[in-house]
Amino acid sequence: MASMSLVKLNGTSSLWRGKKSVNQRSRSPAFFATRRVSIAIHASASSYADELVKTAGLSPLPGSNNESWCQGLDGLASRSAEYYKQGARFAKWRTVVSVPCGPSALAVKEAAWGLARYAAISQDNGLVPIVEPEILLDGDHPIGRTLEVAERVWSEVFYYLAENNVMFEGILLKPSMVTPGAEHKEKASPETIAKYTLQMLRRRVPPAVPGIMFLSGGQSEVEATQNLNAMNQSPNPWHVSFSYARALQNTVLKTWQGRPENVEAAQKALLVRAKANSLAQLGMYTGEGESEEAKKGMFVKGYTY
């Protein structure tokens with residue numbers, strides 16, 4: 001499965017060899033010489049490159065509270081080496097955590113460990129891992145509960161990333177924003193979402209990580225853009241940008257409808273969303289000219305892909 005990433009890594013990008021990160025200072029120079037990680041030093045929301053999704057998918061996690069885990073580690077090293085030969089430079093691994101289901105300690109640990117093993121394997125094979133533990137919007141919980149779960153999940157993720165000697169400088173994160181559950185009676189403002197999300201990131205994500213590329217997770221196109229813009233009103237330790245799917249594609253697909261005569265209009269709709277989010281990752285989005293369609297929420301209870 002191929003998709004598009006928010007950063008570009010081409011043949012002119014430097015090859016990362018022998019660089020130590022904060023979690024690897026006790027390692028010998030010989031260790032780093034064996035790790036081949038290609039990385040774009042400056043992440044930009046205006047550049048795109050092919051990204052490979054390399055998981056076997058979500059499956060029920062035995063012993064949990066009806067939760068899931070992501071399979072696909074078996075044979076990942078050999079597959080990653082082959083993907084690198086074919087020109088891939090990025091990989092993405094998505095797993096999910098459900099707030100209404102607990103989450104259980106088992107599900108959090110399984111999510112964190114799987115992401116860490118995938119990231120280490122990817123780096124060993126020259127790929128930049130995009131790390132994505134998605135905290136689902138499902139539920140009627142307040143934003144404070146989402147913050148609590150997010151901090152717990154990211155604490156585990158970075159603990160196991162360090163245990164697996166993953167280079168923090170050589171990864172990208174694709175987290176959920178910290179929002180109330182989709183069915184909560186009180187809706188949070190972009191400023192509130194930015195406050196809680198940045199609080200979580202500052203408490204859990206080392207500044208060595210180059211980029212935070214948010215997923216939209218069922219927010220409307222405008223909501224995702226407004227929230228990203230609110231997070232970029234002051235400098236952050238990382239580049240804070242976007243890696244949206246539905247929040248970039250929804251209006252585009254509805255405009256296109258699979259008809260050749262609608263292609264030009266769909267392309268214009270995509271340009272509108274791309275420009276809006278490009279401005280938002282600079283903190284310069286104003287919301288002018290947004291359509292009613294772009295304001296419609298896209299949350300689907302129990303959504304899977």
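Trainee: Which residue forms a salt bridge with Arg145?
Mentor: This is a predicted model, where local features need pLDDT of at least 70 and side-chain atom pairs 80 or more, while totals for chains, interfaces and linings use all residues. Residues are numbered from 1 along each chain as its sequence is written, and side-chain values use heavy atoms, leaving out hydrogens and water. A salt bridge here is a side-chain nitrogen of Lys or Arg within 4 Å of a carboxyl oxygen of Asp or Glu. For Arg145, the closest N and O atoms of the pair are 3.1 Å apart, and the partner is Glu148.

Trainee: In which helix do Arg145 and Glu148 both lie?
Mentor: Helices (DSSP H or I, at least four residues) and strands (E, at least two) are numbered from the N terminus. Arg145 and Glu148 are 3 residues apart, about one turn of the helix, and both lie in H4.

Trainee: Is Glu148 buried or partly exposed?
Mentor: Buried means under 20% relative accessible area, exposed over 50%, and partly exposed in between (1.4 Å probe, protein chains only). Glu148 has 48% relative accessibility, so Glu148 counts as partly exposed.

Trainee: How far does helix H4 reach from its first C-alpha to its last?
Mentor: Helix H4 covers residues 143–163, which is 21 residues. The expected span is 1.5 Å times one less than the number of residues. That gives an expected 30 Å, and the reach in the model is close to it, at 30 Å.

Trainee: Which helices and strands do the buried residues of H4 pack against?
Mentor: The buried residues of H4 include Ile143, Leu147, Trp154, Phe158 and Leu161. Glu151 is also one of the buried residues of H4. Packing is judged by contact (heavy atoms within 4.5 Å). The partners are strand S7 (90–97), helix H3 (105–124), strand S8 (128–135), strand S9 (172–173) and helix H5 (190–204).

Trainee: Which residue forms a salt bridge with Glu132?
Mentor: The closest N and O atoms of this pair are 2.9 Å apart, and the partner is Lys92. Glu132 lies in strand S8 and its partner in strand S7, so the bridge ties together parts that are 40 residues apart in sequence. Glu132 is buried at 1% relative accessibility.

Trainee: Which residues are linked with Lys92 and Glu132 in a network of salt bridges?
Mentor: Arg94 forms a salt bridge with Glu134, with the closest N and O atoms 2.8 Å apart. This pair also links distant parts of the chain, Arg94 in strand S7 and Glu134 in strand S8. Arg94 is buried at 9%, and Glu134 is buried at 7%. The network links Lys92 and Glu132 with Arg94 and Glu134.

Trainee: Which residue in S10 stands opposite Leu173?
Mentor: Two strands pair if DSSP finds at least two bridges between them. S9 and S10 pair in the parallel sense over 2 bridges. In strand S10 (residues 211–214), Gly211 and Met213 point one way, Ile212 and Phe214 point the other way, and all are buried. The residue opposite Leu173 is Ile212.

Trainee: Which residues does Thr197 touch?
Mentor: Thr197 is found in helix H5. Thr197 is buried, with a relative accessible area of 0%. Not counting residues up to four places away in sequence, Thr197 touches Met177, Val178, Phe214 and Met231.
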